[in-house]
Amino acid sequence: MLECKICGGRTVVRTNVLTSHQPSCADCLKARWTGPAEAAGLTFLRRDKGNRAYGYYRAPCGHEVRRQRELVERMARGETGVRCETCHAAKVAAEAERRGWQLVGPDLQGDPSYRLYRHTCGHEQRVARVNMGSGRFTCGGCGLAWPAAPNNLYVLRFGLADGGVAVKLGHSNNVESRLHDQLQLRRDLPAEILQVVPMPSGAAALRTEKRLHAALRRRCPWAVLPAERFRGVINVKTEIYDAALEPILLAALDAVKAGLRRRRSRRRGA
């Protein structure tokens with residue numbers, strides 16, 4: 001029976017270990033695992049018998065996780081966070097269900113950014129998780145490719161870092177996601193959707209957008225903002241306009257909307 005001079009713990013060791021090796025204190029060894037675990041918000045359960053660098057821990061959510069001790073020490077220092085695989089998988093599955101998909105499993109090609117999903121139509125497809133979250137994709141079995149699928153023209157307003165205001169004309173099948181997931185880089189600056197006009201297809205939306213941009217550059221070249229005005233605020237390089245163009249853009253979309261109504265009325269009459 002040996003008593004540790006550091007912690008006072010007592011450990012039983014074989015005589016040959018005492019005479020030919022440096023004995024280890026079981027209590028000190030345990031503290032090397034439990035201390036960082038508690039600082040990281042985990043509960044140390046046991047060491048991994050198959051790999052001395054790993055241990056099993058109880059996460060704050062209650063699930064058991066296997067982690068490398070060095071990673072737990074980084075968690076304790078605040079360099080990384082705790083992520084439970086069970087809770088994360090449930091979050092990914094719920095995200096898919098909201099879009100009408102079922103999570104099947106990991107990506108068959110081994111890309112950690114992708115998952116394999118099954119649509120309500122039965123079609124299985126690998127989809128980037130970021131796209132599943134934003135809805136910016138279509139089902140390869142029953143969905144339409146973006147040129148044929150319904151789309152939208154939009155006008156957005158952005159507050160700039162220099163205190164000014166800019167507006168953007170564009171098209172997207174999901175305007176909310178386009179604004180918040182792709183374009184907006186500064187959450188501390190205001191950004192909002194001013195107008196949305198549903199278009200019959202992505203191709204029609206793109207044609208109309210290009211026509212409007214050409215007319216704006218021709219009529220109001222002074223309103224095209226240089227990239228340095230919105231760099232780091234809006235995630236694009238061109239086609240951002242001064243706020244003075246806002247009423248012109250809104251009027252242009254009103255005209256597009258009126259034209260669509262007239263065409264629908266003529267088709268019904270025919």
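I take helices (H or I, at least four residues) and strands (E, at least two) as DSSP runs, numbered from the N terminus. The model is predicted: local features need pLDDT of at least 70, side-chain atom pairs count only at pLDDT 80 or more, and totals for chains, interfaces and linings use all residues. Residues are numbered from 1 along each chain as its sequence is written, and side-chain values use heavy atoms, with hydrogens and water left out.

**Entry: Glu-239**

I looked up Glu-239 and found it in the loop between α8 (227-230) and β12. Its phi is near 60 degrees, a positive value in a residue other than glycine. Most residues other than glycine have a negative phi. I then checked accessibility, where buried means under 20% relative accessible area, exposed over 50%, and partly exposed in between (1.4 Å probe, protein chains only). Glu-239 is partly exposed, at 26%.

**Entry: the four-stranded sheet**

I traced the strand order next. The sheet is open, with four strands in the order β11-β9-β10-β12 and antiparallel pairing. Two strands count as paired if DSSP finds at least two bridges between them. β11 (191-199) and β12 (240-242) are the edge strands; each has a single partner, so one side of each has no neighbour in the sheet. Neighbouring strands are turned by 25 degrees against each other on average, direction ignored. For such angles, axes are lines fitted to C-alpha atoms, for helices over the stretch in contact, and values run from 0 to 180 degrees between N-to-C directions.

How many bridges join β9 to β11? I find eight, with β9 covering residues 151-159 and the two strands running antiparallel. Within this pair, Val-155 has Gln-195 of β11 as its bridge partner.

**Entry: helices across the sheet**

Two helices were looked up here. Helix α6 (residues 175-183) lies across β9, β10 (165-172) and β11, at about 45 degrees to β9. Helix α7 (residues 202-219) lies across β9, β10, β11 and β12, at about 150 degrees to β10. Contact means heavy atoms within 4.5 Å.

I checked the length of α7. The expected span of a helix is 1.5 Å times one less than its number of residues. For the 18 residues of α7 that gives 26 Å, and the end C-alpha atoms are 26 Å apart, which agrees.

Which residues of α7 are buried? They are Gly-202, Ala-204, Ala-205, Thr-208, Glu-209, Leu-212, His-213 and Leu-216. They cover an arc of only 160 degrees around the axis, so they sit on the same side of α7. The arc is that of the directions from the helix axis to the C-beta atoms. Arg-207, Lys-210, Arg-211 and Arg-218 are exposed on the other side.

**Entry: cysteines**

I searched the whole structure for disulfides (pairs of cysteine sulfur atoms within 2.5 Å). The search finds zero. For Cys-7, the nearest cysteine sulfur is that of Cys-25, 3.6 Å away. Cys-7 is partly exposed, at 42%. Cys-220 is buried, at 8%.

Thr-43 is in strand β3 (residues 43-47). It is partly exposed, at 45%. Leaving out residues up to four places away in sequence, Thr-43 touches Tyr-56, Tyr-57 and Arg-58. Its C-alpha atom is 45 Å from that of Arg-231, 188 residues apart along the chain.

Is Glu-95 buried or exposed? Glu-95 is buried, at 13%. Its place is in helix α4 (residues 85-98).
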